[in-house]
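Subject: Structure for you to look at

Hi,

Here is the structure I promised to pass on.

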Amino acid sequence: MFGPKSMLRGIAVAGALLGLAVADNPIIQTLYSTDPAPIVWNNTVWLFTGHDENGARNYDMRDWRLYSSTDMVNWRDWGVPMSLKTFSWARADAWAAQVVERDGKFYYYATVTKNSGGYAVAVGVSDKITGPYRDALGKQLLANGGIDPTVFIDDTDGQAYMYWGHNSASYVKLNRDMISYSGSINGFSLQNFIEGPWLHKRNNLWYLTYSGSGSSNEDIKYATSTKPTGPWTFKGQIMAPQGRSFTNHAGIVDYKGGSYFFYHNGALPGGGTYSRSVCVEKFTYNADGSIPRLVMTDAGAPQIESLNPYQQVEAETIAFSSGLITAAKSDGSGIYVTSINNNDYIKVKGVDFGKGAASVDLRVAAAAAGGKIEIRVGSQNGNIVASCAVDATGGAQTWKTISCPVNGASGKQDLFFKFLGNNYNFDWWQFKQVA
Ligand SMILES: *[C@@H]1O[C@H](CO)[C@@H](O)[C@H](O)[C@H]1NC(C)=O
């Protein structure tokens with residue numbers, strides 16, 4: 001099989017050689033992810049991404065994906081909030097997109113190719129950040145040629161702006177309804193601009209970050225202005241071309257007192273121009289408001305706070321995983337971990353067991369007996385603190401909570417679920433503390 005499992009299974013092998021086995025970048029290992037568009041909402045970072053299909057030999061993108069985190073290292077998978085199927089008038093190219101919130105609704109601006117040909121900007125809308133998003137207009141928001149939309153609402157006057165472009169940049173003022181615009185489309189120039197604009201504002205300075213022409217692959221450059229309408233002053237390069245993907249694409253947010261720069265590269269096994277992966281780096285603005293030069297790392301951002309294992313945690317909350325993938329339940333009630341094979345594992349980073357765990361509940365479904373989940377601390381080969389047999393539950397979607405004793409899990413640990421046997425599914429977990 002030529003897919004994520006065959007490619008991602010390689011991580012363990014390559015990692016053993018390179019010491020990268022459980023790196024925190026790329027953020028997502030269960031599929032190839034692209035074009036990060038982070039948004040902070042309800043004290044959580046929501047990371048909207050594109051998705052490169054496995055084994056693609058050209059850009060092959062059919063849906064968008066969503067992840068969330070409160071600690072910047074453990075990311076919960078929310079599945080597919082929107083796809084090409086959302087837009088009956090679009091046929092291909094679920095390219096770069098961004099979600100913004102206004103008046104309790106979430107608007108999802110996305111690049112697509114129309115049935116009749118030509119790129120356009122589509123808008124999805126939902127009452128929930130997690131979707132599902134529906135087609136807000138039944139047609140394009142923006143005519144032919146619009147790609148890579150970025151939208152920002154000015155906090156001083158409430159005016160929303162949308163920027164986009166490929167080889168030349170444009171912007172327009174969005175109306176209060178967020179699904180129409182007024183006034184002219186304004187083209188403007190940015191040094192070496194290719195695509196992927198990202199608009200944000202900090203201390204009354206507007207930043208326009210974009211993918212530019214580098215010596216080979218794209219780099220990330222930026223310009224600033226004291227007004228959202230420009231003129232823009234070129235400020236230089238943030239991230240040089242690095243790694244195996246031709247494109248790069250930036251998304252920038254502040255969260256819990258830190259600043260974060262999201263981008264993509266080809267760093268997963270099998271990765272490259274058509275199989276990209278989203279990464280993140282933490283940074284600090286210079287005193288004059290400029291953004292420092294950043295390099296792609298395997299380490300990623302530091303963990304903000306430890307994870308509490310005594311609450312119910314979705315199994316698809318992952319710092320790093322090997323082999324397995326995630327899927328949506330057919331009844332729409334959530335996401336679970338599936339395609340589990342012998343020795344696959346999930347790492348959950350920085351879990352605080354406090355004085356210690358006495359037992360663990362695991363929500364599983366198994367068509368046949370023979371599976372076992374080993375819970376280890378420190379590494380995927382670290383001390384076993386629990387070993388839980390997964391017996392047949394009556395079907396691959398027949399969920400059952402099993403409980404098993406835990407010994408030796410206390411204090412702050414990296415937690416590993418190591419899967420033995422095949423063909424069972426994993427929905428959530430929850431530890432119980434010692435009395
Ligand atoms: C906001 O986050 C809290 C804590 O995770 C959660 O309980 C609550 O449901 C969230 N609110 C909404 C509107 O999603």
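Below is what I found, starting with the domains and ending with the annotated site.

Keep in mind that this is a predicted model. The protein chain splits into domain 1, covering 4-283, and domain 2, covering 313-433. Taken over C-alpha atoms, their centres sit 31 Å apart.

Now the interface. On the domain 1 side 20 residues make contact, and they meet 24 residues of domain 2. Together the two domains bury about 1800 Å², with 49% of that on carbon and sulfur atoms.

As for polar links across the boundary, I get 6 residue pairs in polar contact, counting pairs with both residues at pLDDT 80 or more. The salt bridge count between domain 1 and domain 2 is 1. D24 pairs with K349 in a salt bridge, and their closest N and O atoms are 2.4 Å apart. If you want to see what domain 1 presents to domain 2, look at α1 (4-8), α2 (10-18) and β4 (75-77), each of which supplies at least two residues of that side. By class, this side of domain 1 has 11 nonpolar, 4 polar and 5 charged residues.

One last item, from the records: an unreviewed UniProt entry puts the feature "active site" at D35 and E195. D35 itself lies in strand β1, residues 32-41.

Have a look when you get a minute.

Cheers

Conventions
Residues numbered from 1 in each chain as written. Predicted model: local features only at pLDDT ≥ 70, side-chain atom pairs only at ≥ 80, totals over all residues. Heavy atoms only, no water. Domains from an automatic or database assignment. Contact = heavy atoms within 4.5 Å. Buried area = accessible area lost by both parts, 1.4 Å probe. Salt bridge = Lys/Arg side-chain N within 4 Å of Asp/Glu carboxyl O. Polar contact = N/O pair within 3.5 Å; in protein donor to acceptor, adjacent residues only side chain to side chain. Helix = DSSP H or I, 4+ residues; strand = E, 2+ residues; numbered from the N terminus. Nonpolar A, V, L, I, M, F, W, Y, C, P; charged D, E, K, R; others polar. UniProt positions renumbered as here; feature names shortened; annotations may be inferred.
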